[in-house]
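Trainee: Could we go through this structure together? I'd like to start with the sheet and then look at some side chains.

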Amino acid sequence: MSVHERMGAPVERGFMTEYLDSLSLVERLHRLLLDVLKDEFERVGVLEINPVQALLLFNVGDNEVTAGELKSRGYYQGSNVSYNLKKLVEMGYMHHQRCGIDRRAVRVRLTSKGRAVHDVVRKLFQRHAEGLQSRGVLGREGIENINVTLRRVERYWTDQIRYIY
């Protein structure tokens, strides 16, 4: 805490400082989400999958997709999608099948075991959504504003990759 903050005077923070705080917060929130998922799966006794794999199963849901579609649709953000898909197939959480047209592509979908994990995550997120609202942490307008802002940052960063570099 700075001298001005201790004295009750408002402190002018620069945009760069706020931007770095936002980046740090997004990163911490992602790690915290993974910790929350890990704790939930420990609580329900599912220990063989990691939080990244649980999110992948949640995001696939009822869809049947290729590995490439997982990233292009935003279902998976990691760099090791092939590893996680292979592990989930081996553990019986996903079915895989070669595409009829392009034999190099593999389509995946959830098994009943994978759908059970999807349901655990869905129920956890439902409890979170209800808790955020009922405790007055965040309302409908607040979450919509957050989403609009984050999508704008996402578009800006995407444009930076596509057009600047």
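What follows is a chat about the sheet, a surface patch and some ring contacts in this predicted model.

Trainee: In what order do the strands of the sheet come?
Mentor: Three strands form an open sheet in the order β1-β3-β2, and their pairing is antiparallel. Because β1 (65-66) and β2 (94-98) each have a single partner strand, they stand at the edges, and one side of each is left without a neighbour in the sheet.

Trainee: How many bridges link β1 and β3, then?
Mentor: β1 pairs with β3, residues 106-110, over two bridges in the antiparallel sense, and the bridge partner of Thr66 in β3 is Arg107.

Trainee: New topic: which residues make the nonpolar surface patch?
Mentor: Phe15, Met16, Tyr19, Leu20, Val153, Tyr156 and Trp157 make this patch, which covers about 740 Å². Helices α2 (15-43) and α7 (140-164) each supply at least two of its residues, and α2 gives the most, with four.

Trainee: And Val153, where does that one sit?
Mentor: Val153 is found in helix α7, and with a relative accessibility of 31% it counts as partly exposed.

Trainee: What about aromatic pairs, how many are there?
Mentor: The count comes to one aromatic pair. The ring centres of Phe58 and Phe125 are 5.1 Å apart and the planes stand at 85°, so this pair is edge-to-face. Since Phe58 lies in helix α3 (residues 51-60) and Phe125 in helix α6 (residues 112-134), the pair ties together parts that are 67 residues apart in sequence.

Trainee: Last one: what lies over the face of Tyr93?
Mentor: That is Lys113, at 4.6 Å from the ring centre of Tyr93.

Terms used: Residues are numbered from 1 along each chain as its sequence is written. This is a predicted model: local features need pLDDT of at least 70, side-chain atom pairs count only at pLDDT 80 or more; totals for chains, interfaces and linings use all residues. Side-chain values use heavy atoms; hydrogens and water are left out. Two strands pair if DSSP finds at least two bridges between them. Patches are made of residues with over 30% relative accessible area and no salt bridge: like charges are joined within 9 Å, nonpolar side chains (Val, Leu, Ile, Met, Phe, Trp, Tyr) within 5 Å. Accessible areas come from the Shrake-Rupley method with a 1.4 Å probe; for residues, only the protein chains shown count as cover. A salt bridge is a side-chain nitrogen of Lys or Arg within 4 Å of a carboxyl oxygen of Asp or Glu. Buried means under 20% relative accessible area, exposed over 50%, partly exposed in between (1.4 Å probe, protein chains only). Rings of Phe, Tyr and Trp (its six-membered ring) pair if their centres lie within 6.5 Å; planes under 30 degrees apart count as stacked, over 60 as edge-to-face and the rest as tilted. A charge sits over a ring if NZ of Lys or CZ of Arg is within 6 Å of the ring centre and within 35 degrees of the ring normal.
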